[in-house]
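Here are my notes on the model you sent over.

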Amino acid sequence: MASSRGFARPYWVALRYMIVATIALGIVYPLAVFGVGQLALPAQANGSLITDAGGTVVGSSLIGQSFTDADGNALPEWFQSRPSAAGYDASASVGSNYGPENPDFLDEIAARKAAIAELEGVDPSDIPVDALTTSASGLDPQISPEYALLQVPRVAEARGLEESQVHDLVESAIQGRDLGYLGNETVNVLQLNLALAQLG
Amino acid sequence: MSSLEIWLAVAQFATLVLALGLIYRPLGDYIARTFTSTKHLKIERGLYRLVGVNGDSEQSWGAYLRGVLAFSAVGVLLVYLIQRLQAVLPYSLGFPAIPEGLSFNTAVSFVTNTNWQSYSPDVTMGYTVQLIGLAVQNFVSAGVGLAVAIALIRGFSRRSTGTIGNFWVDLTRGVLRILLPLSFIAAIVLIAGGVIQNVAGFTDVTTVAGGTQSIPGGPVASQEAIKLLGTNGGGFFNVNSAHPFENPTPWTNLFEILLMLAIPFSLPRTFGTMVGDKRQGYAILAAMGAIFVVSLTALTVFEAIGSGSGPMAAGGAMEGKEQRFGIFASTLFGTSSTITSTGAVDSMHDSYTSLGGMMTMFNMMLGEIAPGGVGAGLYGMLVIAIITVFIAGLLVGRTPEYLGKKLGPREIKLASLYILTTPTIVLAGTALSFAIPAVRADVESTSIWNPGLHGFSEVLYAFTSAGNNNGSAFAGITANTPWFNTALGVAMLLGRFIPIVFVLALAGSLASQGKVPVTAGTLPTHRPQFVGLLVGVVLIVVALTYFPVLALGPLAEGLQ
C-alpha cells in the first residue's frame, strides 16, 4: 500500500462511517423513540399539558408559572411559586448561579424575606427556604407544603373563602415523596391554583 | 438534615447500590463477550462493506490510534459544518447559523465526550443540529472511549502479539450492541416519567394568572438517554437535568443517575473477565466505590450544613436546587456527574456552598476515575494502578509487574506522562486566563459572574471541566467569548487525545510482552492492601497537584 493512500485511508473510512452513523443514530433512533412515545405515552411525550374546565390548554403540570402582575408583584388571590431567575419564561430556562457569598444574592434574599413577611403577615424567621431561593431551572413547578400552608390565610382572605376550606385544599394537594422515599414532599402550584379556581 | 431525611438518603443510596450490584455481572460480562466474540452480526458485516473495513483484520496500536484520530477529526469537521449550516436546515426553529468560534468549541466539545456548552441551547440550537450533530456524537464519542479501554485490557490479556484489536469493529460493537439498545429502552422509560419526545416547537399558552408562556417541545428523551448512558452530559435545555422536561421527578432523577453509573461501574467486571481473574475487577471496583462514597458523603454534608452567608440567610442551601429533589437527590446527581465524565447537572453547582462546589471540582481533578466516563474511567484507573504497582515495588522491594506483565521504563514513562497531562492543561489554562493582561481584562469584565474568590473558582472550574472532558460548569460564567471558546476547545482536544495516545501506546507495549510467571516476589493486586494503596495514590497524586490552586478559590472562600 502506498504511504499517501495509507495515511488518507482512515479519514475516508471515517467519513463514510459518520454518514451511516448520522442516519442511524441521528434520524432512525430518535424517530423510533418518537414513534413509541407518541403511540404508547402521548400525554407525557407531548409535555404533560393540562387544560382548564373549558378545555383550553393553560400550561404543563411539569412547568411552573408565575402568579404575579406585570410588575412582578404577587397577586394575593393565587398561591405563589418559588422565586425564579427565568421569570418562569419556559423558552429560556436559567438558574441564578449566585455563589454563596455574592452580595446581590444576599440583597435579594433580604428583599424577598421582607416582601413575603409583609404579604403573608408572618415573622421573617417562619418563611421556608424554598420561598427565599430561586430554583435551578427557573421553572420549578413545586413548592414545599410549608410554603403552601403559609399562604393559606392570605389566599382565603383575598378570595373571601373560609380558611379551613383553603387549608383542606392544600392538604389534599400535597404530593408525597416519590415511591414513598425519594425526593421531597411537594405541592404543585399550578394544579393547586386550578383547583382553587374551581372552588370559587 | 433531620434524622428522617438521613434515613431516606441512605435508602435512596442503597437503592442505587442494589441496582448497580444487580447489573454488575450481567452487564460487565455482556460487554466482555461483545468485544471478545469472533462473530459479526449481519448488519455489522453490511456496515463494514459499506465503509470499507475488513472486520476480521487486527491493528497495531499505531493503526488503532490513527483510526481514533481520523474518526474524531472527521467528527469535529462534520459537527462544525452542521452548526454553520443551521440557517438552511429544516426544524431549526428559526435559529440562525452558529458563529465560527462557538461552532468550533461545540464540535470539539461533543466529539471529545465533554459536552461543555458555551451556549444556551434553548435559544441557540434547533432540532436538526441537536439530532444529527450532537446526539450522534453522544453515541460515537462514548463508543470511542469504550474502544480505547477495551484495547488497553487486551494489552494485559494478550501475549507476545503486535495487535490490540480493530478500532472500527470495537466502535461498531460498542455502539450497536451496547449503547443503542440500552438507550432505546432508557428513552422509553424516561418518557413514561414525563420527559418529552415531540417535534411540536413552542406551544403558546395563556397562563392561569393571565400571563403568557411559551412551552418548548423537542426530541428530548432520545437525547437524554444517551446523554447519561454515554457519560456525555450535554443538555437539550440550558439548565440540563434540572429542567422538568429532562428530569421531571425524583424517580427519573435516580434512574438518570443509574444510567450515568451503569457502564462505568460494570467495566471492572469486563476487565476482570477479560484478563481471566475476576478478583482483579473487584479490586478496581472497590477502589472506585470507596472514593465515590467518601466524596458523596462530603458533598452531602457540606450542602446539608449549608454554611456561607447566602445559605445561612435563606435557611438552607436551596439556591439553584429544585424543590422536588431537595439536598440529597441533588448531591447524589452532582457527585455522579462530576466523578464520571458526564457533566450533566440537576442543580446549579455555582450556587453550591463553597466547600460543596469544591467537591464537584475535586471529583473531576481526580481524573474522573471513580468510576469515570464510559471507558475513559477504566483506562484512567488502570494507569493509576500501574503507577501504584510501581510505587509499591519501590516501597517493599517487589518486582513491578501487573497481571503478568512487566512494568519497565517504557510503561512507567507512558503512565507518568498520562497523569501529568490533564493537570498541566487545567493549571496552564487557568493561569493564562489571569496572566495575559488583555485576556484577564476580558475574563474579569465579561466572563466572570460572581465577584471575588468565587469568580476565580468559575475559571478554575471551566478549565478543570474541559481538561478532564467533564462538561459541567459553574454556569454563571459567560464562556461564549473568543478566549474561552478557543482555550477551552484546545483544552478539551488535548485533554482527550493526548491521554488516548499514551493509553494505546501502553496497550501496544503490554500486548507485545509475554507473561511473567507469578513468584514470591509478585505483589498481589487483588487484596485489600492493594485497594488501599491504589486509593492512596489517587488522593496523594491529585491532592498535591491541585491543593495550591484550590486554596486560592473554593477553599479560601469556604474558610473565610
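1. A convention before the helix pairs: a crossing is left-handed if the near helix is turned anticlockwise from the far one by less than a right angle, and right-handed if clockwise. Helices (H or I, at least four residues) and strands (E, at least two) are DSSP runs, numbered from the N terminus. With that in hand, α7(A) makes a right-handed crossing with α8(A).

2. Some housekeeping. This is a predicted model, where local features need pLDDT of at least 70 and side-chain atom pairs count only at pLDDT 80 or more, while totals for chains, interfaces and linings use all residues. Residues are numbered from 1 along each chain as its sequence is written, with chains lettered from A and ligands numbered from 1 in the order in which they are written.

3. Staying with that pair, helix α7 (residues 163-173) of chain A packs on α8(A) at about 145°, the axes being 10 Å apart. (Axes are lines fitted to C-alpha atoms, for helices over the stretch in contact, and angles run from 0 to 180 degrees between N-to-C directions.) From α7(A) come A:Gln165, A:Leu169, A:Val170 and A:Ala173, which meet A:Gln191, A:Leu192, A:Ala195, A:Leu196 and A:Leu199 of α8(A). The residues of this contact are seven nonpolar, two polar and no charged. Here Ala, Val, Leu, Ile, Met, Phe, Trp, Tyr, Cys and Pro count as nonpolar, Asp, Glu, Lys and Arg as charged, and the others, Gly among them, as polar.

4. α8(A) also lies across β3 and β5 of chain A, at about 55° to β5(A). The sheet there is open, with three strands in the order β3-β5-β4 (chain A) and antiparallel pairing. β3 and β4 (174-175) of chain A are the edge strands with a single partner each, so one side of each has no neighbour in the sheet. Two bridges link β4(A) to β5 (residues 186-188) of chain A, and A:Gln175 sits opposite A:Thr186. (Strands pair if DSSP finds at least two bridges between them.)

5. Elsewhere in chain A, strand β1 (residues 49-51) runs antiparallel to β2(A), joined by three bridges. A:Leu49 faces A:Ser60 across that pair. The two strands make a hairpin with five residues between them, and A:Gly55 in the turn has a positive phi of about 90°.

6. Now the chain-chain interface: 83 residues of chain A are in contact with 97 residues of chain B, contact being C-beta atoms, placed from the backbone, within 7 Å. On the chain A side, α1(A) gives the most, with 21 residues. That side has 47 nonpolar, 29 polar and seven charged residues.

7. Which residues make the contact between α1(B) and α6(B)? B:Ile31, B:Thr34 and B:Phe35 come from α1(B), and B:Asp170, B:Arg173, B:Arg177 and B:Ile178 from α6(B). By class they are three nonpolar, one polar and three charged. The axes come within 10 Å and cross at roughly 140°, in a right-handed crossing.

8. Finally, the domain assignment of chain B gives domain 1 (22-275) and domain 2 (379-559); such bounds come from an automatic or database domain assignment. Their C-alpha centres lie 24 Å apart. The contact takes 35 residues from domain 1 of chain B and 36 residues from domain 2 of chain B. On the domain 1 side, α5(B) supplies the largest share, seven residues.

Definitions and conventions:
Two residues are in contact if their C-beta atoms, placed from the backbone, lie within 7 Å.
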